[in-house]
Number of protein chains: 2
Amino acid sequence: MEIAEPLSRRERERQTRRQAMLDAALAVFAENGYEGATIDEIAERAEFGKGTIYNYFPDGKEALFMTLLAELVIGGLHEVIASSFSDLDELATPAGARAAFRRFIVNMIQRHHSEDNVLLMFMKEGHRTVFHEDKTAVLAEQFNGVFDALVVPIEQAIASGALRPIPALPVAHLLMGNIRGYLMAELDARCDPSQTVHKAPYGTPDAAADFITTVLFDGLLAPDAA
Amino acid sequence: MEIAEPLSRRERERQTRRQAMLDAALAVFAENGYEGATIDEIAERAEFGKGTIYNYFPDGKEALFMTLLAELVIGGLHEVIASSFSDLDELATPAGARAAFRRFIVNMIQRHHSEDNVLLMFMKEGHRTVFHEDKTAVLAEQFNGVFDALVVPIEQAIASGALRPIPALPVAHLLMGNIRGYLMAELDARCDPSQTVHKAPYGTPDAAADFITTVLFDGLLAPDAA
DNA sequence: ACAATACGTGACCACACAGTCATTTTTTGA
DNA sequence: TCAAAAAATGACTGTGTGGTCACGTATTGT
């Protein structure tokens, strides 16, 4: 027997199927929201019998949802934060801090552009990561971890004098709120079939990041203002 | 017969009951979200039989929800905007613009503090005002109207040189996203039973508005920065 | 080749809930 | 006072869905 083998063929296949189920579930949750999603549809899209889903996720719908939210949304946020602020020394100067946070914003937007369904799921069901309902308390705790991670570079930049001395956690919320607001506006523009004029000015992640960065870091007031 | 009477007693009582049903529905939607809310519970809280609800809202759950979202959330936003920017001349100077938007932010926060359930409903189900699903397209259109209204003072302030020359609609989204983010953070702090340290610094509407206004208008960068 | 074990499956069940409607209760007007 | 109109009601129905399980089918080890 080969116990040296890290994963048996069996186990590998099991993982593949599990992933297929998660993929299907993500698509269905993104499209219909948590309540609107049905296990039958997830099973059908994943091309499995409904019972098989329960072999892999004994706790059913809830387990699928929690897994997705934890791995993709929360995990994804942690990844973006980690990869955007790898060099903490950069935060010592105003220009460096500005560049680092701009990079974070670009990465956030890019990631959500490349993972549409994650974005949709987050927009439709993200509130479950905040309200401490029965089952989602764990998620809420994990979601706080995201803010904790984001607070680190903010506090660093404040400590070094690059940013104003203001409470870091609310700043983190504002920053996330901004990005969310921008992405929501993009979705709005995309969803609207009429495509009226005022929806136009959403462009590349870079342009969007420039926009958000300018507002957040330099402020809305005209630079030559009294 | 007295057709001169604006509203018969009958009609007035009818309105009162209708309002009681809406109040109950708001509470239930705020607590459980749209899908989680049941007509039975709404009827029970309003102290009416279930059938009576359908006498007043023949289209049932959907009608109750749409009415609430349109009247309270969207109507409320229009009110706050209108009352905050009554004097457009104020927007001609940077200081005036800053003051006007700060007032808007205070009003927004105050309103949501005084109408908890509206806030909760908006946080949990607000995404329905963006995604153009089957039934909620009307709401999405109305919600765009809110941004149209908010764009007016922003464009005014930009035109007069008080604010940077940047696209007004995305700014409106950012502004709303900020306020939403702040309110969400407050709810988060409130919902968390553990009340860990980092949740502390959310205070009065004025303090919060100072915070948001500073970030948005003056920018995050330290004022004495290069 | 064959038993033993693991795995996939969809018919089935229990239940929750939106919406209906026949009946009861209240109000109206004469 | 009382019949007719209006309004309230909650038992009932139909539907949709989450979860179960007895059965069939592959996989494994010998």
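I am working with a predicted model, in which local features need pLDDT of at least 70, side-chain atom pairs count only at pLDDT 80 or more, and totals for chains, interfaces and linings use all residues. Residues are numbered from 1 along each chain as its sequence is written, while chains are lettered from A and ligands numbered from 1 in the order in which they are written.

**Entry 1, A162(B).** I found A162(B) in the loop between α7 (137-159) and α8 (168-191) of chain B (helices are DSSP runs of H or I with at least four residues, numbered from the N terminus). A162(B) counts as buried because 23 other C-beta atoms lie within 10 Å (the cut-off is 20 or more, with C-beta atoms placed from the backbone). I then looked up its contacts (C-beta atoms within 7 Å): leaving out residues up to four places away in sequence, they include A222(A), L91(B), P94(B) and A97(B). A97(B) sits 65 residues from A162(B) in sequence, yet their C-alpha atoms are 6.7 Å apart.

I count a residue as near a strand if its C-beta atom lies within 6 Å of it. Of 17 such residues, T38(A), G51(A), G60(A), G49(B) and G51(B) come nearest. α3(B) gives the largest share, four residues.

The largest share, four residues, belongs to α3(A).

Methods
Helix = DSSP H or I, 4+ residues; strand = E, 2+ residues; numbered from the N terminus. Buried ≥ 20, exposed ≤ 12 C-beta atoms within 10 Å, placed from the backbone. Contact = placed C-beta atoms within 7 Å.
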